Amino acid sequence: MLLLTVPVSQRSAGRALTGGCKIAARGLFRHHGLPAAVMGPRRGASMLQSSTKDVKRTLQTNEKRLTNFTDRSQLKYARRLVVKLGSAVITREDECGLALGRLASIVEQVAECQIAGRECLMVTSGAVAFGKQKLTQELLMSLSMRETLSPKDHTREDAGTLLEPRAAAAVGQSGLMSLYDAMFAQYGVKLAQVLVTKPDFYNEETRRNLFSTLSELISLNIVPIINTNDAVSPPPQADEEHSSSKKVISIKDNDSLAAMLAAEVQADLLILMSDVDGIYTCPPDQDGARMINTFTSQMSQSVQFGRKSRVGTGGMDSKVKAATWALDHGVSVIICNGMQEKAIKSILDGRKIGTFFSNTQSSGTPVEILAENARSGCRILQGLSALERAEAIRHLGQLLQTREKEILEANAEDIAVATKGGLSKPLLSRLQLTPAKLKSLATGINQIADSSHRNVGRVLRRTKLADGMELTQVTVPIGVLMVIFESRPDCLPQVAALALSSANGLLLKGGKEAAHSNRTLMELVKESLTTIGASKAMSLVSTRDEISDLLTMEDHIDLIIPRGSSELVRSIQERSTHIPVLGHAEGVCHVYVDSKASVEKAMKIVRDSKCDYPAACNAMETLLIHEDMFNHGTFFVDLCSMLKEEGVTIYSGPNLNKKLTFGPPQAKSLRTEYGALECTVEVVKSLSEAVEHIHAFGSSHTDVIVTESDERAELFMKQVDSACVFHNASSRFADGYRFGLGAEVGISTAKIHARGPVGVEGLLTTKWLLRGSGETAADFAEGGGKHFLHQELPV
């Protein structure tokens with residue numbers, strides 16, 4: 001056995017090593033000492049350097065780490081990386097030659113890390129495969145000559161099996177390093193080859209020399225590329241046993257080699273790149289296999305390993321043993337699929353890539369389990385009567401009032417933290433809960449309870465297909481909803497009530513700024529669900545997992561509903577490629593004051609639309625004025641004075657700007673959602689020009705016409721293609737509660753499934769129920785004796 005003793009507790013600036021060897025502490029960002037050519041616009045390097053400033057800033061602000069990383073979000077602080085490339089990652093399918101495209105991508109990521117100030121070491125396979133590629137050609141030529149001299153010698157098909165791996169490694173090693181050298185040179189990164197054998201680690205002198213060499217290379221900002229010298233190494237298992245009284249790791253493959261090196265050089269992170277996505281509970285091709293996102297040493301007994309990779313010397317069990325050994329010796333570990341695009345970058349960004357090895361048990365339930373609970377909870381809710389669900393909703397409404405003090409105290413904590421952190425006023429307004437808000441919430445939730453009997457299982461259509469056959473279409477829940485919201489804790493009980501009424505499972509992901517409020521409100525939701533035996537049907541996702549990870553759970557989540565800023569909604573819509581998203585990206589709402597408008601109504605509607613709650617998505621952002629009203633008496637001046645008194649900052653559109661000698665500054669864009677006491681004012685020549693403006697710059701949310709002409713109003717309402725179009729009413733009425741829906745999960749500007757304020761109806765879909773008496777399709781074919789009636793029946 002190989003004797004290795006690692007001083008895990010020593011995390012000095014010099015990164016202490018065993019055997020008296022110490023890596024020189026020459027500063028974190030050693031690239032400052034590189035030649036000018038490296039830092040200059042060298043081909044390839046210029047593409048990377050623009051992305052390194054943030055990494056440098058992150059590393060500079062990181063405090064010295066004393067223990068393993070406990071969470072993926074901390075991996076961005078990793079300074080020293082060991083990246084191990086398995087044979088299956090860089091070897092072609094035919095095992096003769098390298099997958100150059102894949103290797104080039106990995107080299108680019110390592111080079112980016114190195115240029116950004118990290119310290120990288122690589123443990124690589126591939127010499128045997130590269131050598132096979134060369135030797136196969138030579139062997140085939142030899143066999144061809146032999147076949148010519150002796151036609152009976154038909155051994156060409158055995159060419160691949162005649163190659164000696166050690167000979168292949170001897171031939172391929174120099175070519176492999178030349179390839180690495182050429183690839184890294186594109187980014188101005190220097191590298192060095194370090195060939196090792198197991199005896200190098202058994203001998204104290206050679207071991208000390210090895211790590212002294214690595215120390216010097218790292219201090220010179222050179223990437224060491226380490227591999228076992230396969231030209232002379234014994235078979236992987238031949239010298240496994242070496243007596244020792246100390247706990248060590250046996251060097252049997254490049255996984256254990258990488259683990260040992262990572263521990264010796266006190267690396268922050270070891271990335272073991274394989275040909276599978278991570279560690280599974282059983283072989284990935286077996287039914288029921290589930291990937292383990294976070295692996296702890298306690299899980300070792302519950303994992304069933306399959307056969308090792310088609311190439312290389314290590315299987316998944318050896319990777320797990322190497323990873324857990326490295327973890328026990330102070331190195332955080334990720335096992336990932338090296339064939340995945342930008343895997344290293346994604347890992348350092350905190351994405352849920354591969355299996356993360358941690359000694360810390362998560363305090364929260366994994367989101368996958370929460371989603372599975374929501375799925376089973378949905379079935380429980382669907383099996384309940386409407387009366388039972390309604391009673392649970394009413395119970396929630398009561399708790400909002402009886403536990404008001406507790407809720408407001410939790411909210412006050414969030415407000416204090418947000419204020420100290422400089423949260424903007426619009427977001428603070430959304431974040432704050434008041435007794436009036438809670439009372440309004442309770443009223444809306446009771447409305448939802450009152451209408452619950454009209455939701456799940458409602459018959460929409462009945463058709464008599466034939467004698468003895470009746471088809472029914474009924475409403476059913478969508479399944480599991482994921483609602484992502486920012487700074488709006490009041491939306492949590494609203495959405496929970498709507499999901500309960502529609503019998504949907506629910507996952508809620510709130511913003512961290514409302515953490516205390518959301519946690520308290522979720523406790524009330526859980527308490528209400530407990531009364532009907534469905535406490536796990538809804539959960540608050542409070543882990544640090546990135547939202548992008550949740551967007552990949554298409555097997556668990558049926559619909560995503562984002563609520564919050566336009567940036568949040570747009571981001572979710574763009575990044576969710578497999579799960580439908582219901583929502584609106586922007587709330588650029590217009591109020592058009594027509595030439596036939598009542599001045600009194602116009603002033604009142606404009607004030608309410610802009611000033612009642614400027615942070616809301618249904619607040620007016622652009623005011624369109626017919627030029628006749630602009631020229632009409634003092635209307636324009638009075639309107640601007642009113643907005644100024646309300647504290648509204650006005651920006652002019654291009655047409656208005658031309659008409660004013662002195663006036664408000666011109667708007668930078670006519671498609672701006674201010675979300676504050678700001679708005680754009682523009683002048684139009686006609687109703688049709690107003691409609692064209694709305695179609696060009698609006699967001700299909702809510703648009704209003706103020707006019708006394710019913711004819712013009714009807715024309716506007718017919719032509720404007722928005723989710724909500726109003727006549728002589730404030731845009732603020734675009735709201736689920738004001739529409740009589742009780743509450744809303746959001747406002748949708750989409751045209752499929754649901755549009756406008758989405759209440760319970762938008763959380764339902766349908767299914768068809770056919771009741772027959774033994775019929776078959778053949779019965780209705782020619783000569784079958786039966787025929788369709790397709791008779792509509794009363795619902």
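I start with an open sheet of four strands, ordered E25-E12-E11-E26 and paired antiparallel. At its edges stand E25 (764–771) and E26 (791–793), each with a single partner strand, so one side of each has no neighbour in the sheet. Neighbouring strands here are turned by 25° against each other on average, direction ignored; axes are lines fitted to C-alpha atoms.

This is a predicted model, where local features need pLDDT of at least 70 and side-chain atom pairs count only at pLDDT 80 or more, while totals for chains, interfaces and linings use all residues. Residues are numbered from 1 along each chain as its sequence is written, and side-chain values use heavy atoms, with hydrogens and water left out.

Strands (E, at least two residues) and helices (H or I, at least four) are DSSP runs numbered from the N terminus; two strands pair if DSSP finds at least two bridges between them. Antiparallel strands E11 (459–466) and E12 (469–477) are joined by six bridges. Arg 461 has its bridge partner, Gln 473, in E12.

Next, the core. The largest nonpolar core has 50 residues, and Leu 381, Leu 506, Leu 508 and Met 538 have the most contacts inside it. Such a core is a set of buried Ala, Val, Leu, Ile, Met, Phe, Trp, Tyr and Cys residues joined through side-chain atoms within 4.5 Å. Buried means under 20% relative accessible area, exposed over 50%, partly exposed in between (1.4 Å probe, protein chains only). H18 gives the largest share of this core, eight residues.

Last, Phe 739 lies in the loop between E22 (724–727) and E23 (746–748). Phe 739 is partly exposed, at 39% relative accessible area.

Key. Axes fitted to C-alpha atoms, helices over the stretch in contact; angles between N-to-C directions.
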